[in-house]
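Student: I would like to learn how to read a metal site and a strand pairing in a model. Could you take me through them slowly?

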Amino acid sequence: METKQFKQILFGGDYNPEQWPKEVWYHDMQLLTKANINEATINVFSWAQLQPTEEKYDFSTLDAIVKLLVENNFQIVLATSTAAVPAWMAKRYPEVERTDFQGRHHRFGERHNACPNSPVFRMYGRRLASKLAQRYGELANVVCWHVSNEYGGQCYCDNCAKAFRVWLQRRYNSIADVNQAWNTNFWGHTFYDWDEIFPPNELGDAIGSDNSNSTIAGLSIDYRRFMSDSMLQNYTDERDAIREFDPETPITTNLMGTFKDLDYFKWAREMNLVSWDNYPAYNTPFSYTAMCHDLMRGVKNGAPFMLMEQTPSQQNWQPFNSLKRPGQMRAMSYQAMAHGADTIQYFQLRQSRGATEKFHGAVISHADTDNTRVFRETATLGQELSALGTETLGGRTPAKVGIIFDWDNYWALEYASGPNVLLKYVDQIHRYYAAFYRQNIAVDMIPTDLSAEQMAQYDLVVAPVLYMVKPGVAEQLTQYVKNGGHFITTFMSGLVDEHDNVDIGGYPGQLRELMGVWVEEFDALPPEKSYQVKFNDQTTSRCDLICDIIHPEGAEVLATYDKGEFYQDTPVVTKNKFGAGSTIYVGTQLADEGLDHLVNALISEFDWEHYTTPAGIEITRRVNDDQALYYLVNNTNEPATIDWPVAGVDLLSGQAVAAGEMSVAAFDVKIVRKR
Ligand code: GLA
Ligand code: ZN
């Protein structure tokens, strides 16, 4: 079965003692021990201190921090500090700073600021990682490496332009191939030589000032691929440097859910384990957070992940930084665990005194005492987690539904000029995810490039807005359905190839035969407009955003547009029998009631575990060696009564739980081992 990455549930988080005098550290050790914290993530932003000049390295402060943590029995997640360059480096080598979308070369400042293709940055980044690994790699307390921090953003400097051309030369054989791929006869954009190709920022091919539109979307999509690869190379630079001196300790970097800039499926292949930072706003839907957890599990093929950061209570960078209500932080921690987390970590352990994050919550607040609500809630959770021992670690989350999430599609769909500016990739994926979530049906978030055999573990694969169909994808999907699989896709699917050129011959292109429909046109609805669709059983649902005009080619009609438009009474949802399986095409953005109708029909067709619960109450399952753990999480501040599915023992309270009617308190959590 699963290897357990950690010997216990890591419970801790970012800790920055270098911002404080030493007396404070000793006080921290007492307080953190009292809070049942067992781990500290250190050295995230200390490059300036570790290398105060180009010639000099100084590990004395870090040595002292490590020594103190070891003496006090803390496990350590050791970061490499490369997410913010030191001022001397920016002064002596301006190339290490980024050039932005507006073409402005940046001076020293901020963080996450290095040009990923600066040879100076790469050399010094590797060197620092290597020195850290030499010095601390063998320490038993160092249980994980944390490379850099929250990679992301873009650089458009000359070094990046040069590296981009090399990247293009690897991808395309000749400049003629590039011209063909990007359809450059449009607006006379033909390139004669590689050095005529520039990063697509505001000085180049971007349309508008926010990287949302491009003359040549193929170029902009390639640039996003290239930037993701460039930063991944920064990650692997450091990873490989660490590996030279530390052959075993797992290495990660903290990801950010549906963050647009990086193709996390590609990244996860280079990471020993995934970790991520969960910062929902006060009004983020619970289903959205659940989807992010599932995506972070999905990018590494279902492996458990680390919850590297969450705030104990308050954030500082949202427009409205509401407190987590009493009990809410605990519920959110278990929500993460229910979806695959094996660690619970915070940003941060001690609240900083100055600078931009001074009002970001922490375990130890400015009050500097254990006598706070947040401290008490943290300490109680820590106690609970330590009592759980290793029981929850390594659990997998079996799912019969896979939802495709694909960064190329994310980028390409959002560069498309037309048909509707309100069309957003993650929003479309989340609508489908949420429909399954409302019924507590487990979902895996999967990539586009699974083979038919790999997809066969799912009864159903759903690919909302599968706009770009990359080579091999249609073949594998077709084979999967032929063999008995079921597939759902929607409007804005099957439109373009990997270079963003339309597949000629009728939408949805390569998926046309599989779906059994031809989409002749798609209408765009402004936000003030919506229509109604009518299912065969007379159920109705609102629809909006985009309305496809569909001609069935063998597919059966499940729903039509109701009155009001020139396409009234024409098909909008269709079902096609194909080989031993079937497909459903949804030609519009259905409101929740329409998606619920579809999911209910699927539930009666398949034998899925599913549970009806009030909104915001989740039931999920993780399977571990020979046992199944059922997680109940009430994400809401309201008590409720639910129908609980299994008899067993609640690991948190130690009490027996019967199947059947059960009352649930506000923010209640149970982890029930099935009898
Ligand atoms: C991110 C960063 C942390 C910190 C937190 C604050 O996740 O990784 O360094 O800035 O945000 O929410
Ligand atoms: Zn650059």
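Tutor: Let us begin with one residue, cysteine 155, which is buried, with a relative accessible area of 0%; buried means under 20% relative accessible area, exposed over 50%, and partly exposed in between, with a 1.4 Å probe and protein chains only. This is a predicted model, in which local features need pLDDT of at least 70 and side-chain atom pairs count only at pLDDT 80 or more, while totals for chains, interfaces and linings use all residues. Residues are numbered from 1 along each chain as its sequence is written, chains are lettered from A and ligands numbered from 1 in the order in which they are written, and side-chain values use heavy atoms, with hydrogens and water left out.

Student: Which atoms coordinate the zinc ion (ligand 2)?

Tutor: Donors are N, O and S atoms within 2.8 Å of the metal (3.2 Å for Na, K and Ca), and sites may look incomplete because water is not among the atoms. Here the zinc ion (ligand 2) is held by the SG atoms of Cys115, Cys155, Cys157 and Cys160, at 2.2 to 2.3 Å, and cysteine 160 is buried, with a relative accessible area of 0%. Along the chain, the donors are spaced as C-x39-C-x1-C-x2-C.

Student: How do strands E18 and E19 pair?

Tutor: Strands are DSSP runs of at least two residues (E), helices of at least four (H or I), numbered from the N terminus, and two strands pair if DSSP finds at least two bridges between them. E18 and strand E19 (residues 581–586) are antiparallel over 6 bridges, and asparagine 576 has threonine 583 in E19 as its bridge partner.
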